[in-house]
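Keep the structure open beside you as you read.

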Amino acid sequence: MNDRGMTAVLVHGAWADGYSWARVIAGLEQAGIEAVAAPLPLTSLADDVAALKRSLARIEGPLILVGHAYAGAVIAQITEQRVAGLVYVAALAPDEGETVLEVFGRAEPHEKAPRLAPDGDGWIWLPDEAFAEAFAQNASREDQRVLAAVQRPISVSCITVPVGPPLWKTRPAWYLVAQDDRMIAASTQRFMAQRMQAVERSMSADHAPSVSAPGEVIGFIADAARAFGSEAARH
């Protein structure tokens, strides 16, 4: 654990699970920051917020919430006073009254972005080939195959419900923009980062930098943790 006793809680987005944070967890712990991956059922936004709360209840001390993609909406619905700050990794940050789908579709999709539609049961799956073409095009073939094999579908209910007041309005936020993201346009990421008045950093990365460029993600989270700790010490 780091000198402030903070725990980084890493939250996956759609079509992913805790595997996507594996290298980041190892790197953060080498840097002295305890890290935990929190699983989401991806059944509805309310279910996902409740699941994250259950994970947080098992952790003592101050928290840093780190969200990738869809999970950016989830971490911002937490109201825990222990949260020192929020970290967004190519993540979505809807404002109060907005839906995830609205901010996701703010820009024109990349030419290689998959066409997404729910199946008959209301679940949205990512085509297997999309992991190599748009989700993690910079990752190794092995990682691309594993990501496709372990993918978890997301329910339409997760992305079509307006969110409540986001935590980033009362907590410091850092945002890592993935410039080569083919799922969430970099321009959309910059818009959200600037709207949140987040500390913004850009990197040449695909939509899954925790897999394809974990070193930079580890460094970004570690820098945020130090900044959040310093901010907490001043108050």
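In this predicted model, strand β4 (residues 83-89) runs parallel to β7, and four bridges join the two. To find the pairing on screen, look for Val87, which stands opposite Trp174 in β7. Another partner of β7 is strand β8 (residues 199-203); these two pair in the parallel sense over five bridges. Here Val177 stands opposite Ser202 in β8. To get from β7 to β8, the chain passes through helix α8 (residues 186-196), and this β-α-β crossover is right-handed.

Stay with β7 for a moment. How many of the six residues in this strand are buried? Strand β7 spans residues 173-178, and six of its six residues are buried. In a regular strand the side chains alternate between the two faces of the sheet. You can follow this along β7: Ala173, Tyr175 and Val177 point one way, while Trp174, Leu176 and Ala178 point the other way, and all are buried.

Now zoom out to the whole sheet. Six strands form an open sheet, with parallel pairing, in the order β2-β1-β3-β4-β7-β8. Its edge strands are β2 (34-38) and β8, each of which pairs on one side only. From one strand to the next, the twist averages 20°. Strand β3 (residues 63-68) runs parallel to β4, and six bridges join them. A handy landmark for this pairing is Leu65, which stands opposite Leu86 in β4.

Helix α1 (residues 22-30) lies across β1 (7-11) and β2, and runs at about 160° to β2. Helix α2 (residues 45-57) also packs on the sheet, where it touches β1, β2 and β3; its direction makes about 155° with that of β1.

Finally, follow the chain beyond β8. His207 lies in the loop between β8 and α9 (209-212). Is His207 buried or exposed? Its relative accessibility is 2%, and the cut-off for buried is under 20%, so His207 counts as buried. The side chain of His207 makes a polar contact with the side chain of Asp181, at 2.8 Å. Leaving aside residues up to four places away in sequence, His207 touches His68, Ala69, Ala90, Ala134, Phe135, Asp181, Met183 and Ile184. One of these, His68, belongs to β3, which spans residues 63-68.

Methods:
Residues are numbered from 1 along each chain as its sequence is written. This is a predicted model: local features need pLDDT of at least 70, side-chain atom pairs count only at pLDDT 80 or more; totals for chains, interfaces and linings use all residues. Side-chain values use heavy atoms; hydrogens and water are left out. Buried means under 20% relative accessible area, exposed over 50%, partly exposed in between (1.4 Å probe, protein chains only). Two strands pair if DSSP finds at least two bridges between them. A crossover is right-handed if, with the strands pointing away from the viewer, the path from the first strand over the helix to the second runs clockwise. A polar contact is a pair of N or O atoms within 3.5 Å; within protein, one must be able to donate a hydrogen and the other to accept it, and residues adjacent in sequence count only if both atoms are side-chain atoms. Contact means heavy atoms within 4.5 Å. Axes are lines fitted to C-alpha atoms, for helices over the stretch in contact, and angles run from 0 to 180 degrees between N-to-C directions.
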